[in-house]
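Let us walk through this structure step by step. Keep the sequence and the 3D view side by side as you read.

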Amino acid sequence: MVKSMTGVGRAEAILPPWGSKIVVDIRSVNHKYLELVAKLPPQIAAYEGEVRDMVRRRVRRGYIQLQVSLDESAEAPTLALDRRMVRDYLRLSRELQTKYRIPGEVDINTVLAYPGIVAPQKADADHGRLWIKCRAVIAQALNRLVKMQQTEGAALISDLKKRVTKIRSAVRAIEQRVPERLKERRANLIAQLKDLNVESDSKRILEEVAFISEKVDIHEECVRLKSHCSLFLGALSSSAASGKKLDFIAQEMLRETDTLAAKARDMIISRRAIEIKGEIEKLKEQVRNVE
């Protein structure tokens, strides 16, 4: 199912038995790949990996900002002293003083400044239960984000189908114009010969028209353009529809239209080609929003 990359999801709850209020905000905008920026409170910071996995399972592409706010009534993780590291730091400090005769004493401020001396304890069972509660609220916010993306995706599908219908209609008009274009060319050729008082040779005229017909033949481009339209609509209906694939097909459609316009050398066909290119550009613009 086609989804837009743009959307928001929000969920909040009171977590028993702590009585803490949790608020989860998720925002998604267009991006070439999936990029997640997660801001988590200290109480569940140890579970960032699980949060990233949750997002990856629901969103394939987009720049995602996920913020979880948890009030302070939820117990913060306990800080602990790494005693072994303290002993090692002090031993090395004394060795430095002795070996290089460095004056001074190591005080409490110096010890606390050592990196890694004080760190949060690993999540205990209580924090595990808190995470399970928070996970449910994050999942709820993700559901709302995805639902909004699907709603916008449905609107995108409707608009994209209308534009493909216009392109097909323009291609049909071009195909109908081609025989008229050859008749006009034949009439112009005869008129030019009369103006020059040259006796017309019907066989030579037919050969000239056949040569022009071959040179300006755009049947192949029209067939490919119609085929790309069908492929685009098929990709829209696919369960694995992706913006990258749709953009690639639109790019191919644009290439065929450029070739068609260059070969036709006809004002009416050129105008139709400009209409088609305008619709394809709008397709490409909309496809950038597709996940």
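Start with two helices, H7 (residues 243-264) and H8 (residues 267-287), whose axes come within 9 Å and cross at roughly 165°. An angle over 145 degrees counts as roughly antiparallel, so H7 is roughly antiparallel to H8. The crossing of these two helices is left-handed. Keep in mind that this is a predicted model.

Now look at where the two helices touch. On the H7 side, the residues in contact include Leu246, Ala250, Met253, Leu254 and Ala261. On the H8 side, they include Ile269, Ala273, Ile276, Ile280 and Val287. By class, the contact of H7 with H8 has 13 nonpolar, 4 polar and 5 charged residues.

Next, turn to charge. Side chains of opposite charge can pair when their charged atoms come close. How many salt bridges does a search of the whole structure find? The count is 23. We will visit a few of them.

Stay in H7 for one example. Arg255 forms a salt bridge with Glu252, and their closest N and O atoms are 3.0 Å apart. Both residues lie in H7, 3 residues apart, which is about one turn of the helix. Is Arg255 buried or partly exposed? Its relative accessibility is 46%, so Arg255 counts as partly exposed. This pair also belongs to something wider. Glu220, Arg224, Glu252, Arg255 and Glu256 are linked in a network of salt bridges.

Move on to H8. Here the side chains of Arg272 and Glu275 meet in a salt bridge, with 3.4 Å from N to O. Arg272 and Glu275 are about one helical turn apart, because they sit 3 residues apart in H8. Arg272 is partly exposed, with a relative accessible area of 30%. Glu275 is partly exposed as well, at 42%.

Finally, go to helix H4 (residues 125-195), where Glu180 and Arg177 are 3 residues apart, so about one helical turn separates them. Their side chains meet in a salt bridge, 3.6 Å from N to O. How do the two partners sit? Glu180 has a relative accessible area of 45% and is partly exposed. Arg177 has 7% relative accessibility, so Arg177 counts as buried. The cut-off for buried is under 20%. Find this pair in the 3D view and check both ends.

Technical notes. Residues numbered from 1 in each chain as written. Predicted model: local features only at pLDDT ≥ 70, side-chain atom pairs only at ≥ 80, totals over all residues. Heavy atoms only, no water. Axes fitted to C-alpha atoms, helices over the stretch in contact; angles between N-to-C directions. Helix = DSSP H or I, 4+ residues; strand = E, 2+ residues; numbered from the N terminus. Parallel < 35°, antiparallel > 145°, perpendicular 65-115°, else oblique. Left-handed = near helix turned anticlockwise from the far one by under 90°. Contact = heavy atoms within 4.5 Å. Nonpolar A, V, L, I, M, F, W, Y, C, P; charged D, E, K, R; others polar. Salt bridge = Lys/Arg side-chain N within 4 Å of Asp/Glu carboxyl O. Buried < 20%, exposed > 50% of the residue type's maximum accessible area, 1.4 Å probe, protein only.
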